[in-house]
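Here is a short briefing on one protein model and its ligand. Keep the structure open while reading.

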Amino acid sequence: MGIVTSRSMVATLSLPVWFRSVSDLPEHAARNRAYWDAQAYDYREPGRRNWASDEPVWGVWRIPESQVSLLPDDLDGLDTIELGCGTGYVSAWLARRGARPVGIDNSEAQLASARELQREFSLEFPLLHGNAERVPYPDESFDLAVSEYGASIWCDPYLWIPEAARLLRPGGRLIFLVNAPLVMVCSPESPELPVSDRLLRPYFGLHRLEWPGDPSVEFHLPHGEMIDLLARTGFQVERLVELRPPDGSTTRYAWISLDWAQRWPAEDVWMARKAK
Ligand SMILES: C[S@@+](CC[C@H](N)C(=O)[O-])C[C@H]1O[C@@H](n2cnc3c(N)ncnc32)[C@H](O)[C@@H]1O
């Protein structure tokens, strides 16, 4: 939570959508690029810790995969794309389980960390610099699209979810982790204050969120709108996992307490499948 040259009209009209330049970023993506280039250094060590973990661990409480079963049982040979891959540890976990991952991220500084970690852990896969709302790959290139606090909260869902649908093969899976809308409704405007047990902003109309003094732009949708959007773009929702950290869980983030996250959902994992 919070926390390239422009193409000609002729090129726009004559090239297939997946081949368009990633130069002309929308306003929110340009702001988020600058924000994440500035944040990248602080995410390097947490990224390294996750690269070093054999077992995937999810969300701010690092809940082990064995407790939540978010990944498909068999990843062997699957073409995967991580939308907003950051330091790339989710793709590293997928690669170690036999997948062929690609990561795309809007921040060159985050990708520099990802490349450094690839070298350190001797595990390489393609990394693209660009906006996950418009990915330079042809239709139906992937079997699985994932996002852990990447495109899933930093891209406009009305742009990145249709893009994920375009990229996936029929029957392909979409798995993404986000802040639960309830936690967004209860988040004070000051980042120094923890999430409240009071409703601080309307739930209906939740979409683009900006915080005072913070240049980044986030996106969050109410559950009903997310279900409608997924259905309209050709997905069937298979599971909505509301993560509940076990007793004794710890986090490096100050905005959420264990007490809050054990009483109400703070993180959602959406699991959907593109219709065959
Ligand atoms: C909290 S990180 C999550 C990534 C990964 N799970 C990690 O922690 O390293 C958020 C990432 O989303 C990326 N991001 C933000 N907007 C994006 C966009 N429009 N397209 C692709 N990536 C984007 C940021 O650059 C950042 O690396």
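Buried means under 20% relative accessible area, exposed means over 50%, and partly exposed is in between, with a 1.4 Å probe and protein chains only. By that rule Tyr149 is buried, because its relative accessibility is 16%.

The model is predicted, so local features need pLDDT of at least 70 and side-chain atom pairs count only at pLDDT 80 or more, while totals for chains, interfaces and linings use all residues. Residues are numbered from 1 along each chain as its sequence is written, and side-chain values use heavy atoms, with hydrogens and water left out.

**Ligand site**

- The ligand is surrounded by 18 residues. A residue counts as near if one of its heavy atoms lies within 4 Å of the molecule.
- The closest residues are Thr87, Asp105, Gln110, Asn131 and Ala132.
- By class, the shell holds seven nonpolar, nine polar and two charged residues. Here Ala, Val, Leu, Ile, Met, Phe, Trp, Tyr, Cys and Pro count as nonpolar, Asp, Glu, Lys and Arg as charged, and the others, Gly among them, as polar.
- A polar contact is a pair of N or O atoms within 3.5 Å; within protein, one must be able to donate a hydrogen and the other to accept it, and residues adjacent in sequence count only if both atoms are side-chain atoms.
- Asp105 places a polar side-chain atom 2.6 Å from a ligand oxygen atom.
- Gln110 also uses a polar side-chain atom, at 2.8 Å from an oxygen atom of the ligand.
- Ala132 contributes a polar backbone atom, 2.9 Å from a nitrogen atom of the ligand.
- Taken alone, the ligand exposes 580 Å², and the protein buries 96% of that. These areas come from the Shrake-Rupley method with a 1.4 Å probe; for residues, only the protein chains shown count as cover.

**Helix H2**

- Helices (H or I, at least four residues) and strands (E, at least two) are DSSP runs, numbered from the N terminus.
- H2 covers residues 27-52, which is 26 residues.
- At 1.5 Å a residue H2 should span 38 Å, and its end C-alpha atoms are 35 Å apart, which agrees. The expected span is 1.5 Å times one less than the number of residues.
- H2 bends by about 55 degrees at Ala40. The bend is the angle between axes fitted to the seven residues ending there and the seven starting there.
- The buried residues of H2 include Ala29, Arg33, Trp36, Ala40, Tyr43, Gly47 and Trp51.
- His28 also sits in H2. His28 counts as buried because its relative accessible area is 7%.
- The C-alpha atoms of His28 and Cys155 are separated by 7.9 Å, although the two are 127 residues apart along the chain.

**Positive phi**

- Ser69 is not a glycine, yet its phi is positive, about 50 degrees.
- Ser69 lies in the loop between helix H3 (65-68) and strand E3 (79-83). At 45% relative accessibility, Ser69 counts as partly exposed.
- Tyr149, also a residue other than glycine, has a positive phi near 55 degrees. Its loop runs between strand E6 (142-148) and helix H6 (151-154).

- Ser147 belongs to strand E6. Ser147 is buried, because its relative accessibility is 3%.
- The Ser147 side chain reaches the backbone oxygen of Leu83 at 2.9 Å and the backbone nitrogen of Ala151 at 3.1 Å.
- Leu209 is in strand E8 (residues 208-209). Leu209 is buried, with a relative accessible area of 10%.
- Leu209 and His220 are 11 residues apart in sequence, and their C-alpha atoms are 7.4 Å apart.
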